[in-house]
Amino acid sequence: MFKLFTTGFWETVARLILRNKIFILIVIVLATVFFSLQWKHMRFTYTEANLLPDEHEVNLVYNNFLEIFGEEGNLIVLGVKDSSLFTVEQFNAWNKLADSFKEFDEVETVLSINDLQKLVKNTKKEQFELEPFIQDSISSIDQLNDLQKELFKKYPFYDNFLFNADSKTIRTAIYLKKDIVNTSVRKDFIIEYLETIVDSFEQKTGLDVRVSGMPYIRTLNSQNIVDEIGLFISAALLVTSLIFFLFFRSFRATFISLIVVCIGVMWTFGILGLLKYEITVLTALIPPLIIVIGIPNCIFLINKYQHEVKSHGNKVKSLQRVITKIGNATLMTNVTTASGFATFILTQSKLLKEFGIVASLSILAIFILCLLIIPSIYTFLPYPKARHLEHLNKRWIGGFVDWMERMVKQKKITIYVTGLMLIIVSMIGINKITISGSLIEDMPKNKQFFKDIRFFENEFNGIMPLEIMVDTKRKKGVMKLGTLKRINEVEELIFETPELSKPISVVSLVKYSKQAYYNGNPKYYQLPTSQENSFILSYAKNSNSEVDLLKNFVDSTGQYARVTTFMKDIGTDKMERIQENLQNKIDKVFPKERYDVTLTGKALVFQKGTKYLVRNLVISLSLAIFLISLFMAYMFRSFRMIIVSLIPNLLPLLITAGLMGFLGVPIKPSTILVFSIAFGISVDDTIHFLAKYRQELQANHWKIRKSVYGALRETGVSMFYTSIVLFFGFSVFTISSFGGTVALGALVSATLLFAMLSNLLLLPSLLLSLERNIANKEVLREPAINIIPEEDDDEDEIENKEENIS
């Protein structure tokens, strides 16, 4: 009954499409215009990817820190390591460069060597005062040399902040206003003004200025994402259309396919705009993905049309059969592919959830477009010429199919042994896989801003902020000497950790205050004793507001303190060990009943987010397997068939995971996507093969071997075509400058290639070896969904239907 309904349904769909082709094409044009109008709502991301759910404990701690101290990632640094800087002209030019940024509304404050001030003691007024190191500008080389000696030797408070005393590297700190850090204003300031001013300065002085800091990195990284969208779309269109043309030798067919996938890309951008989602490093991949996935749909439909035309020469009948016989199979394969992406919707990560929603909707949209546009356009076109049908008789394809058939007939044991060996080797590789929680690992390593990151890591031990927040649980508790000593103990551990930069906190200011109390003697740069503390605090209280250096390190109530350090780009394992060492020290030094101390910062949030995604990988992949198993169960009504169909699709995933281990490709947000995407796409080949196999069984009176070989010959060509398109289509991503995107493209391509061979060699071998248990009338008697309708239409009935359609 369901079979008749399904067949009748697709016949109805065919009639509706072919009778209402003009109306359908008008509706598609109007829908495309509608989606195009949604493009204005598209937004490019201005923040780092937050991989954790909003309610995750790590996010709550981080947001609590931001509420107390404000946005932490608002620092841009300019640096120069060049001996020629220490000339009067160059040094003054450097200070003028820093001063030029103070005029911008987007800038909160600028700190350069020119802005540094000494904390000095005024004995008469019993207060501290600020005295600039440089009164106006440097006028002689002697004055500059004296400044170097004084700064580099006598004032450790400033060391490793605005200069590196050992390497003589100088830098300037530009603090953006916190309310513009996560907006487009930040991007406009950096791209239009900061880079222009720095470039002009470099040309005038010949100095090589290095620029970094989280706002700068995020801006240029986002700009690279935007730039690569057009590159990916162009490359995907070029590669897939070239392969399509080589297969079909038809400009007409190629042009029609390009129209379909281009409209699909327009709809994808429209969906992004309609849902008001940001374009991130993941959602930027969807438009070229739609091209890569849409072209195989076109191949199936156009290939079937040309087969039918060659068979009987009736165009209307050919188009009707394209819809009735390929529509259902294409729907099922697109649904399984969309399911692979849709599993990300069930994760709690906003980044992955948005990617899953847009990708799955876009895949279903491209299926609808292919089914509606291709038959509709072909009704207006003349018959394909003889040269357009030549590809149907290509001998080299026949040779490939003959090789597969020969392997399945004669080399089943070889296939099984090879598969088993691959599993064993892959398991060894899987044990070598590492997890990466690096914020910058996937960033383009050939770009100048990435090289600048490494520069600041070498000179100042990193630019990724790591924050420690101390809650003393009482007002003004931070300035208690006991609290300061405890913070100092934690800072001593940070000093001893080579992957972390010199910490900045209230402790440094108190040490500086003691040094100032003893007339700038650097040997007194240390915490005061209890007796000294009372004198120093009295001087601090008498000082005017301009000397309030505490505001960035202690909140207004004096209850909370922050310790800021910066981390190098290190592996997840090292990061976890550093975090564990810090936490152990904190637990030891700060009694929990009196203090609440938390570790946070962007570097830590991203690392925790990666670990969270790895845990979700198992859930996501399991969901993909479960959903697709449900489709298989519904279509074939056989548990045994589910098991047999899953084996050749799980093997490529194991091989890919093994390759990641051997090649040193870590599990990270980008490579996590590989498995669910590849599984959702590769299972399409299994559906096509098994559907044709069941049909061959009925046509050949349940002669199993003949049916397997028949299905292999029939589906081998189309599976080869689509796999080649998918392989080269996903390979397009390897031209990216982002390491994660390159890995994603290469791994998915490799997985799909393995999946094709697995479905064409291992799957038929399993069917032959287990023929008694699987291929019988009880197991495969009648599917719930007849994917490929039977070739049993009565010719007179078909002719009548054609007349009705016409």
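Predicted model: local features only at pLDDT ≥ 70, side-chain atom pairs only at ≥ 80, totals over all residues.
The accessible surface of this chain comes to about 33,800 Å², of which 57% belongs to carbon and sulfur atoms, with areas taken from the Shrake-Rupley method with a 1.4 Å probe and, for residues, only the protein chains shown counted as cover. Residues are numbered from 1 along each chain as its sequence is written, and side-chain values use heavy atoms, with hydrogens and water left out.

Let me begin with the chain as a whole. Of its 806 residues, 59% are buried, where buried means under 20% relative accessible area, exposed means over 50%, and partly exposed is what lies in between, with a 1.4 Å probe and protein chains only. The secondary structure comes to 25 helices and 12 strands; these are DSSP runs, H or I over at least four residues for helices and E over at least two for strands, numbered from the N terminus. If we take the contacts with a separation of 6 or more, 81% of them are accounted for by residues 24 or more positions apart, a contact being heavy atoms within 4.5 Å.

I turn now to strand β7, residues 169-176, which is mostly covered, with 8 of its 8 residues buried. In a regular strand the side chains alternate between the two faces of the sheet.

Which strands pair with β7 in the antiparallel sense? Strand β2, residues 75-80, is joined to β7 by 6 bridges and runs antiparallel to it, and here V77 stands opposite A173; for pairing, DSSP has to find at least two bridges between the strands. Strand β3, residues 107-111, also pairs with β7 in the antiparallel sense, over 4 bridges, and the bridge partner of V110 is I174. Strand β6, residues 163-164, is joined to β7 by 2 bridges, again antiparallel, with F163 having I170 as its bridge partner.

β6 and β7 form a hairpin with 4 residues between them, and K168, in the loop between these two strands, has a positive phi of about 65° although it is not a glycine. K168 counts as partly exposed because its relative accessibility is 34%. K473 likewise has a positive phi of about 65° without being a glycine; K473 is found in the loop between β10 and α15 (481-496), and with a relative accessible area of 44% it is partly exposed. In helix α15 itself we find G482, whose C-alpha atom is separated by 9.4 Å from that of S530, 48 residues apart along the chain.

The next element is an open sheet of 3 strands, in the order β11-β10-β12, with antiparallel pairing. Why is one side of β11 and of β12 left without a neighbour in the sheet? β11 (560-567) and β12 (596-600) stand at the edges and each has a single partner strand, so one side of each stays without a neighbour. Neighbouring strands of this sheet are turned by 15° against each other on average, direction ignored, the axes being lines fitted to C-alpha atoms, for helices over the stretch in contact, with angles that otherwise run from 0 to 180 degrees between N-to-C directions. Strand β10, residues 464-471, pairs with β11 in the antiparallel sense over 8 bridges, and M464 has M567 in β11 as its bridge partner.

Finally, the aromatic rings. Rings of Phe, Tyr and Trp (its six-membered ring) pair if their centres lie within 6.5 Å, and planes under 30 degrees apart count as stacked, over 60 as edge-to-face and the rest as tilted. By this rule the count comes to 27 aromatic pairs. The rings of F455 and F456 have centres 5.2 Å apart and planes at 85°, so this pair is edge-to-face, and both F455 and F456 are buried. Ring pairs also link F133, Y155, F157, Y158 and Y512 into a cluster.

There are charges over rings as well, where NZ of Lys or CZ of Arg is within 6 Å of the ring centre and within 35 degrees of the ring normal. K121 lies over the face of Y517, at 4.5 Å from the ring centre, and R171 lies over the face of F460, at 3.9 Å from the ring centre.
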